[in-house]
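I opened this one to see how the chain packs. My notes follow, in the order I looked things up.

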Amino acid sequence: MSFPAWHHDAWAMLRARRDNGSMPHALLLAGPAGLGKRVFAERLVRALLCDAPVDGDACGRCRACLLLDAGTHPDRVTVGFEINANTKKLRTTIVVEQMRQLSARLAMASQMGGWQVATIDPADAMTTSAANALLKTLEEPTPSSLMMLVADAPWRLPQTIRSRCQRVDFRLPTREVALDWLHEAGVDGAEDALDAADGNPGLARQWFEQGLLEERRQVAHDLAALARGQADAYTVGKRWLDENLAQRLWFAAGLAAAEMRLRASGQAGALVSQLSDDALAQWFERANRAREDLRTTLRSELVVLDLLSRWR
């Protein structure tokens, strides 16, 4: 399996640390969604637990690799969203009980005599109590254990957690590298897809494969119609209120940012917004904050209506 070129430096660094016996006990894989943090984490888990790595990667054939394929390796631990026993719905946070279970698990010896590897994803969804419980484990790591925290929004993590992790940042590659990767992946209209995703090749590929670029065009159409007075906030907001709401808000914020860049270069904005430069910047911030508000108890329809009613 080939891995993105922008992973190379981080992989080489961690491989060197593994080879010289200086692996950290905790890693924070941080950066925008779409850059392959989870692919990277899976690669590292397999490399560490493999009985006979080949050129630093898992061999794919040993007993450990077969157990990983089956999802039954005893020294691999994954922590993520779980079903709430009371509501029978998937939680949107990682709770303190999960961290206590993780701590108890890592306190035990490795069952196969090697590494114990725990992945917490998304780590930025931990509650305050969960983060405090994890902090105790980070302060007293067990030998040959590694915790990998994966976070699209690392700023949500307490500084006390971040400071105890070796941070691995995933940044946007150059346009040339991103386009080469997209062309290799068979993405038609790679240039337009990459522009839509603000230079993020992973998101560009995801949106192409899921047909979401058409969704983005619809969001742009809606905002332009609102600016021209050809649509009203209530009608547009009602249409946006489905399982793709967060994605639409993401697109809306990105389109507002693109409008600001066009204005800065002296060009007319495609959304024909009548907002002043300052008001447009404030709307961009509101759109991003609206996505955050979806994680709270605020009613989604009120969040969206408030946002769209401010667009001109």
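I started with the largest nonpolar core, which has 40 residues; Trp207, Val219, Leu223, Trp240, Trp283, Leu308 and Trp311 touch the most other members. For the record, a nonpolar core here is a set of buried Ala, Val, Leu, Ile, Met, Phe, Trp, Tyr and Cys residues joined through side-chain atoms within 4.5 Å. Buried is under 20% relative accessible area, exposed is over 50%, and partly exposed is in between (1.4 Å probe, protein chains only).

I then listed the elements that give two or more residues to this core: helices H7 (175-184), H8 (190-196), H9 (201-209), H10 (212-228), H11 (233-240), H12 (245-264), H13 (277-293) and H14 (300-309). Helices (H or I, at least four residues) and strands (E, at least two) are DSSP runs, numbered from the N terminus. I also noted a second, separate core of 26 residues, with Ala26, Leu106, Ala123 and Met147 among its members.

This is a predicted model, and I kept its cut-offs in mind: local features need pLDDT of at least 70, side-chain atom pairs count only at pLDDT 80 or more, and totals for chains, interfaces and linings use all residues. Residues are numbered from 1 along each chain as its sequence is written, and side-chain values use heavy atoms, with hydrogens and water left out.

I looked up Trp207 next: beyond its neighbours within four places in sequence, Trp207 is in contact (heavy atoms within 4.5 Å) with Ala196, Ala197, Leu212, Leu213, Gln247, Trp250 and Phe251.

Is Lys37 buried or exposed? I found it buried, at a relative accessible area of 1%. Lys37 sits in helix H2 (residues 37-49), and a polar atom of its side chain lies 2.8 Å from the backbone oxygen of Gly31.

The Ser145 side chain reaches the backbone oxygen of Thr142 at 2.7 Å. Again leaving out neighbours within four places, Ser145 is in contact with Pro24, His25, Leu106, Trp115 and Gln116.

**Whole chain**

I counted 14 helices and five strands in the protein chain. Its C-alpha atoms fill a box of roughly 65 × 45 × 35 Å along the principal axes. Buried residues are 44% of the 312. Of the contacts between residues at least 6 apart in sequence, 66% join residues at least 24 apart.

Definitions and conventions. A polar contact is a pair of N or O atoms within 3.5 Å; within protein, one must be able to donate a hydrogen and the other to accept it, and residues adjacent in sequence count only if both atoms are side-chain atoms.
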